[in-house]
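Keep the sequence and the 3D view side by side as you read.

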Amino acid sequence: MVSKNITIKNEQGMHMRPASLLSQMAAGFESSVNIKANGNTCDCKSVMFLMAAGLKCGSEIELVCDGPDEEKALAEISAFIESGMGD
Amino acid sequence: MYKGIAASRGIGIGSICRLIEHDLSFEAKLVEDPVAEKKRFQEAIDSFVKDTNAMADDIRKNIGPKEAEILLGHAVMMSDPAMSGEMFKMIEGGQCAESALTAVCDMFIGMFSNMEDEMMRQRASDIEDVKVSVLKKLLNIKDVNIRKVAPGTVLVCKDLTPSMTSQIVKENVAGIITEVGGNTSHSAILARALEIPAVLSVPGIVDAVKDKDTAVIDGTEGDVFINPDGTVLSKYLIKREEFLAQKAELEKFAGKPTVTADGKELELFCNIGTPRDAKKAMECDGEGIGLFRTEFLFMDNASYPTEEEQFEAYKEALETMQQRTVIIRTLDIGGDKEIPYLGLKKEENPFLGYRAVRYCLDNVEEYKIQLRAIIRASAFGKAKIMVPLVTTVDELRSVKKLVEEIKEDLRSEGIAFDEGIEVGCMMETASASLIADLLAKEADFFSIGTNDLTQYTMAVDRGNADVANLYSAFQPSVLRSIKNIIECANREGIPVGMCGEAAADPLMIPLLISFGLDEYSVNPVLVLTARSIISKWTKAEADELAAKIMAMDSKDEIISALKAAAK
């Protein structure tokens, strides 16, 4: 299991578009991909849970990947979140 | 006449087509063959996804990619493991597809509708829309084909869902009336994108009308008439022509620079009252912000707003404007406003009393919080500081001294800011106008506030109806004052703007061109109007008119001469 702390940067937070792109990306990995924030854990492969997590600009999250391709998943997904998720 | 929320401008006249909600009730039952039920559900989902993608394609072509995303999002939501996955599990457990769909969707609707963020709450209505669409598939209900309505149709419905909006053919739909929805709802956004006049939140309208009734809707005012008489109808036919002609005329100026008929480029900025208004200024093609009033931060607060709160608000406006100028006016408030925590006393003459820069310079520690917040925000765009109600050069010097102290503090703390941040002077008192030559040596820029300048020059309370006839920026004294301020700024080589209502007045604009005003700051909705008027005048024509006007001795004579010369 590998993890990394990241801050959500895009202005509007985890709205439809970034959540949708992020979940599609996470679904491409075999490992489980979870986000821990505000004491809750949510499955990054679900756009619904991602949006329901209420992540805003400035929210601090921990990205946790677990599985055979966890290193690659963590590197690519964290880079995507840090890049502002296409916003 | 019915009243609603004016959500999309313009006049719509046409024949009503009601989009009635279907009965979507079903009997929840346990299924005996979960495999067959899962197959039935999968077919409904496939059909839904296919329809949704086709609609999204339509929207992308007819409206734009951003709007199409709303619908693509619907397909993504339905395919989500947390959505359909959960539903399939429930069906395996023996529930019917309708129950499974409803239960899971309702759970998410509950979650989203309790969220703080308005954008996220909107997701609840997206899920509702998905639920209804899939439920219709399961129950074999077919909707009115909105795509096929006849030209000149006015759609009337409870609420316009994104999937309904996506089927609208712009040429055939003359207007939209709904019972629910506000200015930021999907229906409003899409109606504006399609430029279809829309009035939302008209209570009971669906039951009050029949198909084929004639409807007249005014999406600018929020008025709706059903089967109006000939007088109303002809009045609105004319209004529609005027609206369309005006729109076509103004659209020529969108995205263009602001230039006079002889090619001199001017700046056309907007006046705003909250950081959110900055978005509006951008949408309306404003080239910057000429007046950002900061009173909202103080009026709606229980205590003096913190540096952080203020910083965030200024930063938001600056980032929205993307390196365009944002002139932030420091607190302009006095005894006429009730702000308990400021401890301002009731005064005999609050407009001549302890207010604006006078109050601020007497409460330096508070004032420094605001100045520091603005200077910190200057790292995120092009901010300028504007001081209101200046009457002496010393006041401006004192503010500049504070600004220098704060910059020194920030430097030693290693906090970024714009070293070149300008400090300017609001020109709105008779005194400031009379010493404009002296102030111009101290200020980085001027901005003329015509409303207060008129009030203080004419010694007229603008709220008092008994003396209101004296209150006019076209009074010879006020015009002389404006001219003097502009000339003093030009002589000293500093930029001069105007942020009062007069800056967008078609009668005033030629005079301002002649006097040499650099920057016009107007209400965002007036940007294109002002740009169009500026484009009609050459400096020579404006000079000729101004010479005549400045020789006249009464405001009535001046106004009628300006009206006669208007283009």
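Helices are DSSP runs of H or I with at least four residues, numbered from the N terminus. Axes are lines fitted to C-alpha atoms, for helices over the stretch in contact, and angles run from 0 to 180 degrees between N-to-C directions. The model is predicted: local features need pLDDT of at least 70, side-chain atom pairs count only at pLDDT 80 or more, and totals for chains, interfaces and linings use all residues. Residues are numbered from 1 along each chain as its sequence is written, and chains are lettered from A and ligands numbered from 1 in the order in which they are written.

Start with helix α12 (residues 307–320) and helix α14 (residues 364–377), both of chain B. Their axes come within 8 Å and cross at roughly 40 degrees. α12(B) and α14(B) are therefore oblique to each other; angles under 35 degrees count as roughly parallel, over 145 as roughly antiparallel, 65 to 115 as roughly perpendicular and the rest as oblique. Residues are in contact if their C-beta atoms, placed from the backbone, lie within 7 Å. On the α12(B) side the contact includes B:F311 and B:Y314, and on the α14(B) side B:I369 and B:A373.

Now move to α22 (residues 539–550) and α23 (residues 555–565) of chain B. These axes come within 10 Å and cross at roughly 160 degrees. The two helices, α22(B) and α23(B), are therefore roughly antiparallel. B:L545, B:K548 and B:I549 of α22(B) meet B:I558, B:A561, B:L562 and B:A565 of α23(B).

Next, look inside. A nonpolar core is a set of buried Ala, Val, Leu, Ile, Met, Phe, Trp, Tyr and Cys residues joined through C-beta atoms within 7 Å. Buried means that 20 or more other C-beta atoms lie within 10 Å of the residue's own. The largest core has 94 residues, and B:Y314, B:F446 and B:A530 are among those with the most contacts inside it. Helix α19 (residues 476–492) of chain B supplies the largest share, seven residues. Apart from this core lies another, of 62 residues, among them A:I61, A:A73, B:A68 and B:L101.

Finally, where do the chains meet? 16 residues of chain B are in contact with 15 residues of chain A. On the chain B side, α2 (65–79), α3 (81–92), α4 (97–113) and α5 (118–139) each supply at least two residues. α2(B) gives the most, with four residues.

Terms used
Contact = placed C-beta atoms within 7 Å. Buried ≥ 20, exposed ≤ 12 C-beta atoms within 10 Å, placed from the backbone.
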